[in-house]
Amino acid sequence: MNYKNITVAGSGVLGYQIAFQAAFHNFKVTVYDINDEMLDKAKAKFSIMSNAFKTDLNANEEQLAATYANLKYSSNLEEAVKEADLLIEAVPENPNIKTDFYQKLAKVAVEKTVFATNSSTLLPSQFADVTGRPSKFLALHFANDIWRNNTAEIMGHPGTDPNVYKDVVAFAKAIGMLALPLQKEQPGYILNSLLVPFLSAATSLMANEVADPKVIDKTWMKATGAPLGPFGIIDVVGINTVYNINRMASEESKDPLKLKATKYLKENFIDTNKLGVSTGEGFYKYPNPAYQEDDFLS
């Protein structure tokens, strides 16, 4: 693996974390997003990342200064990928948006660039042809808070070049991840194959008015000793991501309860820009959510 220049496309919940993590590990990183306003939001988040790296990784000022020096920004896609050895796509979890992005990317990326999608639930084979380089395309999926929950699931499709796959595994290790190679395509990889049904069950309980989100979270936290309940996790993952997953599932199944849950998420969170931790409010308010209070489980 001789990657040096990395482009991260999409600076949302996971995109900015991936960019900062790679820059911290001495890769030159270009952060791409559709406009400068989105990039400015990413820059603001990097100051929060810096504090987390100090607290959780004992990062010093010299390391963080080098990290910032490794970062640059662009809202011009052709400019952003002109030197990229690897492009990591972290655009919204919507097949139409991803397809449109790859159609545009295929026209401007240089021949050497490997494409990796950070999609939570979609398969690389769904987009392989539209990338224009299916042999250099695969999935590279990170968990949220990647500097602490440092997993990277690597999943190819039948046409992925084995050497490209090996290089991406090596890259994941090089940025401090526990590399988790998958042997075949699986919607949701390992992590989300376990997590999505759990979160879906929680939203169904809420939509069916069995209990409110706080009671559901209290039940899970007290009974299992977990530090977060499902709705706390949804806030961390990002309500927009969970909404998109629910929307696709409900449109396919036509399940009345799933449709009701999707409608609830849209009207109460998506339409009001309450997307979770990233916007300061979701099912809880941040930076001091109720589930962290001493009396939450009393």
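Colleague: Fine. What kind of model is this, and what are the ground rules?

Modeller: This is a predicted model, in which local features need pLDDT of at least 70 and side-chain atom pairs count only at pLDDT 80 or more, while totals for chains, interfaces and linings use all residues. Residues are numbered from 1 along each chain as its sequence is written, and side-chain values use heavy atoms, with hydrogens and water left out.

Colleague: How many helices and strands does the protein chain have?

Modeller: The protein chain has 11 helices and 8 strands. Helices (H or I, at least four residues) and strands (E, at least two) are DSSP runs, numbered from the N terminus.

Colleague: And what is the radius of gyration?

Modeller: The protein chain has 19 Å, which agrees with the value near 19 Å for a compact globule with 298 residues. The radius is taken over C-alpha atoms, and the globule rule is 2.2 Å times the number of residues to the power 0.38. Along its principal axes, the C-alpha trace spans about 55 × 45 × 35 Å.

Colleague: What share of the residues is buried?

Modeller: Buried residues make up 50% of the 298. Buried means under 20% relative accessible area, exposed over 50%, and partly exposed in between (1.4 Å probe, protein chains only).

Colleague: What about the accessible surface?

Modeller: It comes to about 14,100 Å² for the protein chain, and 52% of that belongs to carbon and sulfur atoms. The areas come from the Shrake-Rupley method with a 1.4 Å probe; for residues, only the protein chains shown count as cover.

Colleague: How many of the contacts join residues at least 24 apart?

Modeller: Among contacts between residues at least 6 apart in sequence, 67% do. Contact means heavy atoms within 4.5 Å.

Colleague: Which strands pair with β6?

Modeller: Strand β5 (residues 114–117) pairs with β6 in the parallel sense over 3 bridges, with Phe115 opposite Phe137. Strand β7 (residues 151–155) pairs with β6 in the antiparallel sense over 4 bridges; there Ile154 is the bridge partner of Leu140. Two strands pair if DSSP finds at least two bridges between them.

Colleague: And β4, is it buried or exposed?

Modeller: Leu86 and Ile88 point one way from β4 (residues 86–89), Leu87 and Glu89 the other way, and all are buried. Strand β1 (residues 5–9) pairs with β4 in the parallel sense over 4 bridges, and Ala9 has Glu89 as its bridge partner. β4 also pairs with β5, again in the parallel sense over 4 bridges, where Leu87 is partnered with Phe115.

Colleague: Where is the cis peptide bond that joins a Tyr and a Pro?

Modeller: Between Tyr286 and Pro287, with omega about 20 degrees. Pro287 is in the segment after α11 (256–270).

Colleague: One more loop: what is Asn70 in contact with?

Modeller: Leaving aside neighbours within four places in sequence, Asn70 is in contact with Ala23, Asn26, Phe27, Lys28 and Val29. Asn70 is in the loop between α3 (61–69) and β3 (71–74) and is buried, with a relative accessible area of 9%. Thr30 is 40 residues from Asn70 in sequence and 8.4 Å away in space, C-alpha to C-alpha.

Colleague: Last one. Where is Gln103 found?

Modeller: In helix α5 (residues 95–108). Gln103 is partly exposed, with a relative accessible area of 39%. Glu93 and Gln103 are 10 residues apart in sequence and 16 Å apart in space, C-alpha to C-alpha.
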